Structure formats: C-alpha cells, structure tokens
Amino acid sequence: MQVTPSVVLSTLSTVVILGVAVFTWRYRFRPGAIPLFAFTIAAAVWTGGNALQDASTTLTGKLFWVNVQYFGIVVIPISWFAFACEYTGHDEWLTRRSLSIPVLYASVTLVLVWTNPVHHLVRASSKLVFTGGVLRLDRTFGPWFWLSVVYSNVVDGLGTLLLLRGLIRGRRFFYEQAIVLIVGTMVPWSATVLSYNGLLDIDPEVFFAVTAIAFAYAIWHHGLFDLVPVGRSTVVEEIADGVVVMDDTDRVVDTNPAATRLLGVSSADIGRRFGDVCAAFPKLVDSYHARRDPEEPIVGDVGSERRYLDIHSSELSDSGTKLSGTVLIVRDVTEFERQNRDVERQNERLERVGHTIAHDLRNPLNIAKGYLDLERSNGDGEYFDNVERAHDRMEEIIDDVLSMARHDQPERFETLDLARIAERAWENVETKSAIVSIEVGTVFVRANEGQLSSVFENLFRNAIEHAGPTAAIEVGWIENGRTSGTLYVEDDGDGIPPTERTRVFEHGYSTRADGTGAGLSIIADIAERHGWEVSATAGDQHGARFQISGVQVATPKQELDR
C-alpha cells in the first residue's frame, strides 16, 4: 500500500461527498432529493475507488478498484438526469420505458468492465509504471470506454440543458440555485477533459468534492428542496387570478404576473416572508396566519384604484413527499362588488318608490272614500258596493306593494278558499260581456291572499284583452296528489303561438301597442315567491291556457284553523 497526494485528496474528497450524502438524505421525501443522494453516493464510490486504486501496489488490486469505480461511474449520468427532470417539473419523463435504455446500458457496461480480460472492449491494455517513486496504472482504452464517455456526456448534457432551460424560464430567486448546481457539476467534467488531454496532474475524481459542496450550499443557503418544483407547475402564467405560493416557513416561493398586478408581489419578493411582502393588506396577512379565508372581500388600493379582492387559500401537502405549503388564489371581484352595490342602491330606490306610491295613493283614496260615504248618506247608489270593493282592493294592493318593497319580510301565507278568491277577483275586474266558469270544487290552498288575487285578476284581464269582450273563461283545478295541485285559467280566444309561450312571461313583453307587458310577468314573480311553476299552453277550445303547478293544498287541520 502506498500513500500519495492523490490518495489523500481522493480520501478527503470521499469523506466530504459522503457527508453531503448524509445531509441530502434528510430531505429524501422532497422532489429531486433521492436522485441527488444517488449522485453523491455514486460520486463517493467513484472517488473512494480511485483512492484505493492509487493506494494499491499490484496490477490486480488496481484493476479491481477501477472496476469498483464503475459502479459509481454508470450511476452518475442516470441520477443527474433524474434530478434535472424532477427539479424542473418533468417527472413524466421518468418512466420505466425512458429509463430502461440507460439502465440497460449501465448493466452492459458493468458486465463488460468485469469481463474485460476476455474481450478488451473497455481496456485494450493495462500495466504498472513506476514514476516519481509511485506505482501508477497505465492504460490504453478500448472502443466501449470511448462509447461510454460519449454516452455519459450526452446524458449529463441533457440534464444540464434541462437546468439551463429552467434557469432561463425561471424566477430570479432560483437563478442562484441553478447556477450553483450547473457550475458544481461542470468542475469535475472540465477536470476530466483536461486530464484526458494531459493538462492536469490531479485525478479529476477529487473534484467531485466541489460538486458535493455546491449541492450542500444550494440546499442550505438557497433552499434547493423548497416547494418550488411542485408549486411552480401549478402556477399558470396567463390566468387572471393572482397566485402566490408559500412554503411551510411562510416564505414566498413563487408568484404569477396577476399576483404582481393585484397584490404588488413580484419575483423580487421570492424568498421573503409573506407578512412582509403583503404588509399593505393587513387583513389578508391576519387571515393567512390564522389559516382562515376572509369572509368578505378585502379592500385595498391597487395602483391608484380601490379594488375588492376575494381570497382563497389551499394547503399543499403530499403524504408521499411530506411537502407542505400554501397556495393563495386572489380574484379581483371589484366589478361584482360594484354591481352588488348598484343592486342594493336600486333596491333602496325601489323601496322608496314603494313607500312613495303607497303614501301618494292613500291620500286620494281616502278622499274618494270620504265622498263615497257622503254620497251613500244622501242616496242609495246602485254601484256603491262595487266602488267600495274597488277601494278595498286598492288598499290591499298598496299593502302588497309595501310588502314587496320590504323584501326582508317573509311572505304571509294563509289557508284560502280557491273558488272564493277567484270569484272576488272576477268582481274586481272590468269584465264587459265576458263570462267565467269556476270549476275548482271545494279546494283550500296555502298562499298569500293578495298575491293569489292578483294572479286571478291579471289572468282574467289578459283573457278579456286577447280573447275579446265576450270571452268565455274557465277556471279549473287538477289534483296532483294529496299535497298539491295545478290551477289553470283558460279562454276561448286564438291562443298563443308555440314559439311565444315562454316569452309571454318576460317583463315588458306585449303584443298590444298600448300594453305594458307587466301582467303576466307579475304572475311569474308571484309564482316564484310561492314556489310554483307557471306555463302557457293551448287550451281544450284552442284558446290560451295558463297553468300554475305546485300549488300547496291545505291540510284538514289548516282548513279547520281557517
């Protein structure tokens, strides 16, 4: 056994590499860690084998340790390529099929190395030479050796190109990571080229210590195994929603352009604490630390404009890799909030309109009632009862308007005699020479009395307007079981074309020049508030037929309560 500077340097390099391998093993559940661990172990085998080869003083011993070195030599290209794929998010390339070729090549190479005396494809000749007081191994290489050199360089080059591509397309925070990794692997490769050309007296294997130190530095100082290899693949650059990815220490590890626009978080902030980056949005920071999404959109100044931002966070975790982190999704809901506020303002205006109508109508209505009472005291008045009923109905309509304006109040449902409501509604409509047939039998339903009356009144008016002043109108009831039924009103007019039967319930739709298009839309609104379904179809006499289904039938107890 001989101790030479090469033996000492190779031994020290092996110790350093094994130390980094142990350090890397701590991150074995992170993407890229296992391939990098395999790389360092392979480098340690290569470098340690070189130390033992240099220390040997026999040809057999030196050749044995050279053969051992090949266990590391064939693994390094595969592990480097696998690491580059996982680091850059190309795990889909690491399939059995894609790895079968390099694994097969490595296996064939090992077989040829250990059987070289038979074929001399790896080493054409080997001998000991004594130079400078040291026994050295002098070799001439066979064709498989040079093929292996080309193969290794191609595979190593592919891995390096992947890292360079990631470097170009990546974020600034990861530039130093990638540069450290690339430079670290280029050092022993460059030393090997110089050694083969007689320009370097130091064994190139010892430079793997530089590679190992570069890996350790990238892991420790630059967070090599942070969330980025997983989180980056989930960030879509072109989506309108902002995306911010944090690791398990609350550091920002990635963003997309929308996050820069909405929160002011840019690639320059990667590596900083989330609370420091988004200090301008204290509610967002507080909710993030509490791991609870804000119940309401947060408000902040984005540029020179006040914006409303909806925040949703999602935990990132993988039981297999033990990765953890958070993805924050930021959606600009400013337009939605503005529309909401517009609707609220419109509702407030409608409520004021309802109160105004109710207030202004009550004054002339009270005057009319006063004159009606005065006229009744002076004469018997043939139509006074009709006028009084009309006034009462106007009072009910005013109450209904106020009820609808106060949209926060629940509907008041009662047990109602369906036939009686229909008869009273007919009395409140100018019927001209039209006739009505109310064929509903004895049916009690649950509904709001004023609104059910409005349904009948609007359907009666619609029938008389479209079927003519001598229209024959039928009111009917179809049982759908013990709890509900279908109410219909049918006339003997010309009916409604099939293409128009859904449009007739749209607000403002009318076939008359002087029509408001409000009557049937009012019916649709009332049906919606009651949970009914309203439809238009053809009647038995080819006229129009309006059906209201899902009308709740009153239970016997409810009928008795009435």
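Mentor: Glu 474 stands opposite Glu 490 in β12. Please bear in mind that this is a predicted model.

Trainee: Which strands pair here, and in which sense?

Mentor: In general, the strands of a sheet pair through backbone hydrogen bonds, either parallel or antiparallel. In this case β11 (residues 472–479) and β12 (residues 484–490) pair in the antiparallel sense, over six bridges. Along this pairing, Gly 476 stands opposite Tyr 488 in β12.

Trainee: How many residues lie between the two strands of that hairpin, and which residue there takes a positive phi?

Mentor: The hairpin of β11 and β12 has four residues between the strands, and Gly 481 takes a positive phi near 135°.

Trainee: What joins β12 to β14?

Mentor: β12 and β14 run antiparallel and are joined by seven bridges. Tyr 488 has Gln 547 as its bridge partner in β14.

Trainee: Is β12 mostly covered or mostly open, and how many of its residues are buried?

Mentor: β12 is mostly covered, with six of its seven residues buried.

Trainee: How is the packing of α1 and α2 described?

Mentor: Two packed helices are described by the angle between their axes and the distance between the axes. For α1 (residues 5–25) and α2 (residues 33–55), the angle is about 160° and the axes are 8 Å apart. That angle makes α1 roughly antiparallel to α2, as angles over 145 degrees count as roughly antiparallel. The crossing of α1 and α2 is left-handed. By class, their contact has 15 nonpolar, 10 polar and one charged residues.

Trainee: Is Thr 109 buried or exposed, and with which residues is Thr 109 in contact?

Mentor: Thr 109 is found in helix α5 (residues 96–114). Its relative accessible area is 2%, so Thr 109 is buried, the limit being under 20%. Leaving aside neighbours within four places in sequence, Thr 109 is in contact with Tyr 70, Val 74, Trp 144 and Ser 148.

Trainee: Finally, what is to be noted about the phi of Asp 250 and of Arg 291?

Mentor: Most residues other than glycine have a negative phi. Asp 250 has a positive phi, near 65°, and is found in the loop between β3 (242–247) and β4 (252–255). Arg 291 likewise has a positive phi, near 55°, and its place is in the loop between α13 (282–289) and β5 (298–302).

Trainee: Are these two residues buried, partly exposed or exposed?

Mentor: Asp 250 counts as buried, at 19% relative accessibility, whereas Arg 291, at 44%, counts as partly exposed.

Conventions:
Residues are numbered from 1 along each chain as its sequence is written. This is a predicted model: local features need pLDDT of at least 70, side-chain atom pairs count only at pLDDT 80 or more; totals for chains, interfaces and linings use all residues. Side-chain values use heavy atoms; hydrogens and water are left out. Two strands pair if DSSP finds at least two bridges between them. Axes are lines fitted to C-alpha atoms, for helices over the stretch in contact, and angles run from 0 to 180 degrees between N-to-C directions. Angles under 35 degrees count as roughly parallel, over 145 as roughly antiparallel, 65 to 115 as roughly perpendicular and the rest as oblique. A crossing is left-handed if the near helix is turned anticlockwise from the far one by less than a right angle, and right-handed if clockwise. Ala, Val, Leu, Ile, Met, Phe, Trp, Tyr, Cys and Pro count as nonpolar, Asp, Glu, Lys and Arg as charged, and the others, Gly among them, as polar. Buried means under 20% relative accessible area, exposed over 50%, partly exposed in between (1.4 Å probe, protein chains only). Contact means heavy atoms within 4.5 Å.
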